[in-house]
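Dear colleague,

Here is the structure I said I would pass on. My notes on it follow below.

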Amino acid sequence: MVGQTLYAACDLNGVDLGPSSSGPPQEKVRSTTWTEPLYGEGAASGFDHVLLQGGNEGVEIVEPAHDNEKKMIEAYWDADEIFPESRLASQVEINAKMDGMVVYVPDRIVDDIP
């Protein structure tokens, strides 16, 4: 699962997060001095909101949320539902140090109204 998105891992394990907000990442931090522009559109919606367990070593080294991801979370969720640990599952890449991490999935936004 390392290198996959958190959304893909949830999907493979039968956890329904709703529609993916997937879009290729806008950029990737490669080192403290180099951020590679990837020219993706980033998050396109905020349905796949999750809360990452604080204090996990893997969470501490995951790339921080980009502005586009933050905007999508704020657009789709109320202020009292957003926390410092809030992320979009499709924008979080799994790393080996996330083993044993707990991911909280808030109640879903209704996305299947006919």
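Ser-90 has a relative accessible area of 9%, so it counts as buried, the cut-off being under 20%. Please keep in mind that this is a predicted model. The residue sits in the loop that runs between β4 (86-88) and β5 (103-104). Neighbours within four places in sequence aside, Ser-90 is in contact with Thr-5, Tyr-7, Ser-20, Ser-21, Ser-22 and Asp-48.

**Sheet and helix**

β4, β3 and β5 make up an open sheet of three strands, in the order β4-β3-β5, with antiparallel pairing. β4 and β5 are the edge strands, each of them pairing on one side only. Between β3 and β5, which run antiparallel, there are two bridges. Leu-52 has Val-103 of β5 standing opposite. Helix α3, residues 67-76, lies across β3 and β4, and the helix runs at about 105 degrees to β4.

In soluble globular proteins, nonpolar side chains tend to be buried together. The largest nonpolar core in this model has 14 residues, and the ones that touch the most other members are Leu-6, Leu-17, Val-50, Leu-52, Ala-89, Val-92 and Met-98. Both α1 (6-12) and β3 (49-52) supply at least two residues of this core. α1 provides four residues, the largest share. A further core, of five residues, lies apart from this one; Met-72, Ile-73, Trp-77 and Leu-88 are among them.

What does Leu-17 touch, once residues up to four places away in sequence are not counted? The list is Tyr-7, Cys-10, Phe-47, Asp-48, Val-50, Ala-89, Val-105 and Arg-108.

**Largest pocket**

The largest pocket holds about 400 Å³ of space. It is lined by 23 residues, of which Lys-28, Glu-63, Gln-91, Val-92 and Glu-93 are the closest to its centre. Strand β1 (residues 27-29) contributes three residues to the lining, the largest share.

Regards

Conventions:
Residues numbered from 1 in each chain as written. Predicted model: local features only at pLDDT ≥ 70, side-chain atom pairs only at ≥ 80, totals over all residues. Heavy atoms only, no water. Core = buried A, V, L, I, M, F, W, Y, C linked by side-chain atoms within 4.5 Å. Buried < 20%, exposed > 50% of the residue type's maximum accessible area, 1.4 Å probe, protein only. Contact = heavy atoms within 4.5 Å. Pairing = 2+ DSSP bridges. Axes fitted to C-alpha atoms, helices over the stretch in contact; angles between N-to-C directions. 1 Å grid on protein atoms, 1.4 Å probe; cavity = no way out; pocket = protein on both sides within 12 Å on 5 of 7 lines; lining within 4 Å. Points joined across faces, edges and corners; volume = space filled by probe spheres on them.
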